[in-house]
Amino acid sequence: LLIFLLALVRSDGNIARAQTTADSIDAQNHAILLQYGTIDTRQGEPAMARAAHIEEYPRDVSGYYLVQFIGPILPEWKDKVSETGADLLGYVPNNAQIVRMSRAELEAVAGLQEIQWVGIYQPAYRIAPRMSPLDSGETELIVLTFPGADFQQIVDAIKVIGGQVVDSDEDDFGGTIRVVINSEQIINIARINGVMWIETWSEPQ
């Protein structure tokens with residue numbers, strides 16, 4: 001009887017450990033790791049300021065999305081996304097890609113069996129964590145743009161909201177804009193379609 005009880009405890013312990021491991025793997029497979037924080041795609045988008053959130057893109061606008069696959073990404077899964085007309089722009093852990101796509105392409109991608117979650121690449125995610133968009137006063141920024149975005153349109157939009165463009169450059173990997181602007185406008189820069197990342201400019205060492 002004692003041997004049976006010891007065996008049962010050991011068995012239950014193995015089951016518990018196996019369940020913990022399975023839960024951990026499931027959590028990892030549903031986590032998207034950003035500097036903003038971790039998105040648990042079982043729960044959906046994290047809390048964020050309303051001004052830093054886009055509810056949806058207009059139907060005639062191609063927007064930027066986080067697309068998470070059901071597991072480690074296979075080449076044929078990426079091919080299926082590309083076949084919809086969507087543009088895969090880069091990997092994000094875990095098992096996700098940033099994708100530019102129209103509303104029709106979004107609907108097609110979301111319907112693929114290899115995809116478990118799709119969400120907008122929100123303005124909140126594009127701002128370096130140590131920056132405070134609520135501050136006021138002049139600041140100097142580096143704004144990175146996605147490859148294939150309308151670079152000049154982004155530069156013009158920054159100028160419209162008061163940005164003084166110090167320097168700008170674009171190549172096949174995207175664009176870089178150095179700008180002086182009031183800190184209160186950081187959120188508005190992040191909302192410009194095609195902006196990938198914003199951080200404080202610092203003198204190269």
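I began with the terms: buried means under 20% relative accessible area, exposed over 50%, and partly exposed in between (1.4 Å probe, protein chains only). The model is predicted, so I noted that local features need pLDDT of at least 70, side-chain atom pairs count only at pLDDT 80 or more, and totals for chains, interfaces and linings use all residues. Residues are numbered from 1 along each chain as its sequence is written, and side-chain values use heavy atoms, with hydrogens and water left out.

**Gln43.** I found Gln43 in the loop between β2 (38-40) and β3 (63-69); strands are DSSP runs of E, at least two residues, and helices are runs of H or I, at least four, numbered from the N terminus. Gln43 counts as exposed because its relative accessible area is 67%. From Gln43 to Ala31 I read 10.0 Å, C-alpha to C-alpha, with the two 12 residues apart in sequence.

**Helix α4.** Which residues are buried in helix α4 (residues 151-160)? I listed Phe151, Ile154, Val155 and Ile158. They share one side of α4, because they cover an arc of only 100° around the axis, taken from the directions from the helix axis to the C-beta atoms. A handy reminder: an α-helix has 3.6 residues a turn, so residues three or four places apart point the same way. Gln153 and Val160 are exposed on the other side of α4.

**Asp167.** I placed Asp167 in strand β8. Is Asp167 exposed or only partly exposed? Asp167 counts as partly exposed, because its relative accessibility is 48%.
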